[in-house]
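Visitor: Could you walk me through this one slowly? I am new to reading structures.
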Amino acid sequence: DRVAGTPYACSSSTTSDVHLYWTVEGGSVHMALAVQDVSGWVSLSFPTTRGTMVPAEAVSGYGTMVGRQRVTARNPSGVAADNTVLTDVSNMEISTLTIGGSSYRVLRFTRTVASIPSATLSVNYAYHP
């Protein structure tokens with residue numbers, strides 16, 4: 001089964017404005033982060049230690065650009081573009097969609113399941129309106 005109106009099998013919503021979707025297919029996990037009424041950046045990170053924010057590796061999108069970052073602190077100076085992290089991530093894209101009459105910024109990508117450390121098993125999201 002798929003989450004209504006999406007190509008994803010699973011979802012989690014932390015608020016009515018933030019929705020995480022994913023599907024595990026073969027050796028990959030297809031992920032999407034949808035945030036309502038945001039025109040700025042959207043990011044999904046994988047922390048090194050479960051339950052923490054930093055250090056982490058992230059995929060972020062802004063405008064039409066998507067990239068990989070290393071996160072070392074919980075402020076802008078601790079976030080740096082780094083294409084040596086999350087090298088297993090592919091199909092990165094950011095778009096704006098209208099869902100149920102509301103505008104969402106949607107960050108999508110695919111990650112290899114085997115490369116996700118078992119200690120991680122958590123993700124963090126962040127966005128800026």
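Predicted model: local features only at pLDDT ≥ 70, side-chain atom pairs only at ≥ 80, totals over all residues.

Visitor: Which residue in β5 stands opposite Val42?

Guide: Opposite Val42 you will find Gly61 of β5.

Visitor: And which strand is joined to β5 by seven bridges?

Guide: That is β6, residues 65-71, which runs antiparallel to β5, and within this pairing Val59 stands opposite Arg68 in β6. The hairpin of β5 and β6 has two residues between the strands, and Gly63 takes a positive phi near 60° there.

Visitor: Is β5 mostly covered or mostly uncovered?

Guide: Strand β5, which spans residues 56-62, is mostly covered, with five of its seven residues buried.

Visitor: OK, new topic: what is the strand order in the open sheet?

Guide: The open sheet has five strands in the order β1-β2-β3-β9-β8, and their pairing is antiparallel. The edges are taken by β1 (10-13) and β8 (90-99), and because each has a single partner strand, one side of each is left without a neighbour in the sheet. On average, neighbouring strands of this sheet are turned by 20° against each other, direction ignored.

Visitor: What actually holds strands of a sheet together?

Guide: Strands of a sheet pair through backbone hydrogen bonds, in either a parallel or an antiparallel way.

Visitor: Back to β1, then: how many bridges join it to β2?

Guide: Four bridges join β1 to β2, which covers residues 18-25, and the two strands run antiparallel.

Visitor: Why does Cys10 count as partly exposed?

Guide: Cys10, which lies in strand β1, has a relative accessibility of 30%, so it counts as partly exposed, because that class covers values between 20% and 50%.

Visitor: Now the rings. How many aromatic pairs are there?

Guide: The count comes to three aromatic pairs. One of them is formed by Tyr8 and Tyr21, which are stacked at 5.9 Å centre to centre with 25° between the planes. This pair links distant parts of the chain, since Tyr8 is in the segment before β1 while Tyr21 is in strand β2, 13 residues apart.

Visitor: Are Tyr8 and Tyr21 buried or exposed?

Guide: Both Tyr8 and Tyr21 are buried. Another stacked pair is that of Tyr125 and Tyr127, at 6.3 Å centre to centre and with 10° between the planes. Tyr125 counts as partly exposed at 31% relative accessibility, and Tyr127 is partly exposed as well, with a relative accessible area of 34%.

Visitor: What sits over the ring of Phe46?

Guide: The charged end of Arg111 sits over that ring, 4.5 Å from the centre of the Phe46 ring.

Terms used:
Residues numbered from 1 in each chain as written. Heavy atoms only, no water. Pairing = 2+ DSSP bridges. Axes fitted to C-alpha atoms, helices over the stretch in contact; angles between N-to-C directions. Buried < 20%, exposed > 50% of the residue type's maximum accessible area, 1.4 Å probe, protein only. Phe/Tyr/Trp six-rings, centres within 6.5 Å; stacked < 30°, edge-to-face > 60°. Lys NZ or Arg CZ within 6 Å of the ring centre and 35° of its normal.
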